[in-house]
Amino acid sequence: MADERSFLDSPEGTREEIMNATYHALCEHGYADLTIQRIGDQFEKSKSLLYHHYDGKDELLFDFLDFMLEELETSVPETIEEDAKTHLNVIFDKVFACERTEEKREFEAAMVELRAQAAHDDRYREYFTQHDRFIENHLSHVIEVGIADGDFRDVDPERVAPFIRTIIDGVRINRSTSNVGVTRSVRSELDSYIESTLCIDDENKQ
């Protein structure tokens with residue numbers, strides 16, 4: 001939901017510069033082939049700063065993931081400016097966009113690699129748990145707004161939000177790990193789900 005990060009163009013301060021270097025190194029090499037040296041190759045300052053702040057690749061990546069979550073939390077608005085359905089469509093348009101830059105494809109693939117580490121590393125699992133909870137909380141909030149405005153049926157947001165979030169994760173994993181293209185068909189089915197399960201017909205609105 002927050003693929004665009006303005007700090008990548010003009011990072012401010014050493015930490016943002018390191019995060020910027022980590023981002024580009026991840027895009028180029030992925031998790032498996034990532035090293036502190038390769039992050040340093042993207043870092044304009046002395047590589048010794050990386051070793052001063054971090055004990056190794058994973059320690060740096062934990063900070064990078066924390067930074068990504070911080071950026072996500074500040075980039076997602078607390079107030080829904082448009083109606084709830086439009087807001088969901090904006091999210092879906094970003095997630096299910098078929099036309100993506102090579103950099104975004106590479107970064108998404110790298111994030112899938114990082115998520116795989118959570119299967120056996122509790123530190124990665126904790127990050128992705130926090131990330132998933134934040135996404136679900138935001139989706140729940142959007143659904144609650146739709147219910148309050150009379151646009152959505154009185155569903156349970158805490159059941160619907162994890163369902164939508166899991167679909168989003170599934171599409172991202174699929175297109176990074178398989179040549180079976182499902183993005184368009186899943187988006188179509190998700191739109192049908194929103195219409196049939198959430199949306200109230202105009203003629204039935206109070």
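Author: Start with the word helix. Helices (H or I, at least four residues) and strands (E, at least two) are DSSP runs, numbered from the N terminus. Arg 175, for example, is found in helix H8. This is a predicted model: local features need pLDDT of at least 70, side-chain atom pairs count only at pLDDT 80 or more, and totals for chains, interfaces and linings use all residues. Residues are numbered from 1 along each chain as its sequence is written, and side-chain values use heavy atoms, with hydrogens and water left out.

Reader: How many helices and strands are there in the protein?

Author: Nine helices and zero strands. From the N terminus on, the elements run α-α-α-α-α-α-α-α-α. Taken along the principal axes, the C-alpha atoms fill a box of roughly 65 × 35 × 30 Å.

Reader: What percentage of the residues count as buried?

Author: Take the cut-offs before the count. Buried means under 20% relative accessible area, exposed over 50%, and partly exposed in between (1.4 Å probe, protein chains only). Here 44% of the 206 residues count as buried. Arg 175 is one case: its relative accessible area is 18%, so it is buried.

Reader: Which residues does Arg 175 touch?

Author: Contact means heavy atoms within 4.5 Å. Leave out residues up to four places away in sequence, and Arg 175 touches Val 95, Phe 96, Ala 97, Arg 100, Glu 108 and Thr 183. Contacts can also be sorted by sequence separation. Among those in the protein with a separation of 6 or more, 70% come from residues 24 or more positions apart.

Reader: How do I read the span of helix H6?

Author: Work out the expected span. That is 1.5 Å times one less than the number of residues. H6 covers residues 102-117, which is 16 residues. From its first C-alpha to its last it reaches 23 Å, close to the 22 Å expected.

Reader: Which residues of H6 are buried, and what do they pack against?

Author: Phe 107, Glu 108, Ala 110, Met 111, Val 112, Leu 114 and Gln 117 are buried. The buried residues of H6 pack against helix H1 (13-29), helix H4 (57-75), H7 and helix H8 (157-177).

Reader: At what angle do H5 and H7 pack?

Author: The method comes first. Axes are lines fitted to C-alpha atoms, for helices over the stretch in contact, and angles run from 0 to 180 degrees between N-to-C directions. H5 (residues 84-95) and H7 (residues 122-148) pack at about 150°, with axes 8 Å apart. That makes H5 roughly antiparallel to H7. Angles under 35 degrees count as roughly parallel, over 145 as roughly antiparallel, 65 to 115 as roughly perpendicular and the rest as oblique.

Reader: Which residues of H5 and H7 meet?

Author: From H5, Ala 84, His 87, Leu 88 and Ile 91. From H7, His 138, Leu 139, Val 142 and Gly 146. By class, this contact has five nonpolar, three polar and no charged residues. For the classes, Ala, Val, Leu, Ile, Met, Phe, Trp, Tyr, Cys and Pro count as nonpolar, Asp, Glu, Lys and Arg as charged, and the others, Gly among them, as polar.

Reader: Is Leu 139 buried or exposed?

Author: Leu 139 counts as buried, at 0% relative accessibility. Leave aside its neighbours within four places in sequence. Leu 139 is then in contact with Leu 88, Ile 91, Ala 161, Ile 164 and Arg 165.

Reader: How many salt bridges are there?

Author: A salt bridge is a side-chain nitrogen of Lys or Arg within 4 Å of a carboxyl oxygen of Asp or Glu. The count by this rule is 18. In one of them, Glu 17 pairs with Lys 45, with the closest N and O atoms 3.0 Å apart. Glu 17 lies in H1 and Lys 45 in the loop between helix H2 (36-41) and helix H3 (48-53), so the pair ties together parts 28 residues apart in sequence. Glu 17 counts as partly exposed, at 23% relative accessibility. Lys 45 is also partly exposed, at 36%.

Reader: Why do residues three or four places apart in an α-helix point the same way?

Author: An α-helix has 3.6 residues a turn, so they do. Take Glu 102 and Arg 105: both lie in H6, three residues apart, about one turn of the helix. Their side chains meet in a salt bridge (2.6 Å, N to O). Glu 102 is partly exposed at 43%, and Arg 105 is partly exposed at 34%.

Reader: Where do Arg 165 and Asp 169 lie?

Author: Both lie in H8, four residues apart. Arg 165 is buried, and so is Asp 169. Salt bridges that share partners join Arg 115, Asp 132, Glu 136, Arg 165 and Asp 169 into one network.
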